[in-house]
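Me: I have a protein model open and would like to go through it in short steps. Can you take my questions one at a time?

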Amino acid sequence: MLIVLQILLDLCVVHDCSKLKLLLLFPTVLFGGHTKLSFVTMLKGQNITISSSLPRLALGDGEHVATTPLRASLEPGSIRIIRP
């Protein structure tokens with residue numbers, strides 16, 4: 001039996017935030033509290049493009065992966081999950 005799942009990218013955008021607020025944000029990530037902050041926007045999608053007037057760091061699971069502009073997309077069939 002084949003089950004097709006729709007998988008989406010999760011994007012967390014932190015904007016208009018001082019360095020101090022950013023440092024205070026990190027402990028809230030452990031329990032999801034960051035999603036309720038006014039300077040955090042959560043988005044989902046299959047194709048994501050991020051641009052900015054100045055180059056900005058892009059992190060994936062806490063690791064530096066690129067700088068803006070950044071494009072990310074999901075390719076059909078690129079993830080296979082096998083379960084009993």
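Me: Is Leu8 buried, partly exposed or exposed?
Reply: This is a predicted model, and Leu8 sits in the segment before β1. Buried needs under 20% relative accessible area, and exposed needs over 50%. Leu8 has 34%, so the label is partly exposed.

Me: How far apart in space are Leu8 and Gly45?
Reply: Start with the sequence: Leu8 and Gly45 are 37 residues apart there. Then go from C-alpha to C-alpha. The separation in space is 5.2 Å.

Me: Which residue pairs with Asp10 in a salt bridge?
Reply: A side-chain nitrogen of Lys or Arg must lie within 4 Å of a carboxyl oxygen of Asp or Glu. By this rule the count comes to 1 salt bridge. From N to O the distance is 2.6 Å, and the partner of Asp10 is Lys44.

Me: Which strands hold Asp10 and Lys44?
Reply: The pair links distant parts of the chain, 34 residues apart. Asp10 belongs to strand β1. Lys44 belongs to strand β2, residues 40-45.

Me: Are Asp10 and Lys44 buried or exposed?
Reply: The cut-off for exposed is over 50% relative accessible area. Asp10 has 55%. Lys44 has 60%. So both labels read the same way: Asp10 is exposed and Lys44 is exposed.

Me: Which element gives the most to the nonpolar patch?
Reply: The patch on the surface is formed by Val14, Leu22, Leu23, Phe26 and Val29. Together they have about 430 Å² of accessible area. Val14 is found in strand β1, residues 9-14. The top contributor gives 4 residues: helix α1, residues 19-29.

Me: Why does Val14 count as partly exposed?
Reply: Partly exposed lies between the buried limit, under 20%, and the exposed limit, over 50%. Val14 falls in that range because its relative accessibility is 34%.

Me: What is the volume of the largest pocket, and which residues are the closest to its centre?
Reply: The volume is about 1300 Å³. The lining has 32 residues. The closest to the centre are Cys12, Val14, Leu57, Ala58 and Leu59.

Me: Which element gives the most to the lining of the largest pocket?
Reply: Several elements each supply at least two residues: β1, α1, β3 (47-50), β4 (57-60) and β6 (70-73). By type, the lining divides into 18 nonpolar, 8 polar and 6 charged residues. The top contributor, with 6 residues, is β1.

Me: What is the phi of Asp16 near?
Reply: First, the place: Asp16 is in the loop between β1 and α1. Its relative accessible area is 74%, so Asp16 is exposed. Its phi is positive, in a residue other than glycine, and lies near 45°.

Me: Is the peptide bond from Thr68 to Pro69 cis or trans?
Reply: Pro69 is in the loop between β5 (63-67) and β6. Check omega for the bond from Thr68 to Pro69: the angle is near 0°. The bond is cis.

Me: How far apart are the C-alpha atoms of Glu75 and Asn47?
Reply: Glu75 is in the segment after β6. With a relative accessible area of 51%, Glu75 is exposed. Along the chain, Glu75 and Asn47 are 28 residues apart. Their C-alpha atoms are separated by 9.4 Å.

Definitions and conventions:
Residues numbered from 1 in each chain as written. Predicted model: local features only at pLDDT ≥ 70, side-chain atom pairs only at ≥ 80, totals over all residues. Heavy atoms only, no water. Patch = residues over 30% accessible without salt bridge, like charges linked within 9 Å, V, L, I, M, F, W, Y side chains within 5 Å. Areas by Shrake-Rupley, 256 points an atom, 1.4 Å probe, with all protein chains shown as cover. Buried < 20%, exposed > 50% of the residue type's maximum accessible area, 1.4 Å probe, protein only. 1 Å grid on protein atoms, 1.4 Å probe; cavity = no way out; pocket = protein on both sides within 12 Å on 5 of 7 lines; lining within 4 Å. Points joined across faces, edges and corners; volume = space filled by probe spheres on them. Nonpolar A, V, L, I, M, F, W, Y, C, P; charged D, E, K, R; others polar.
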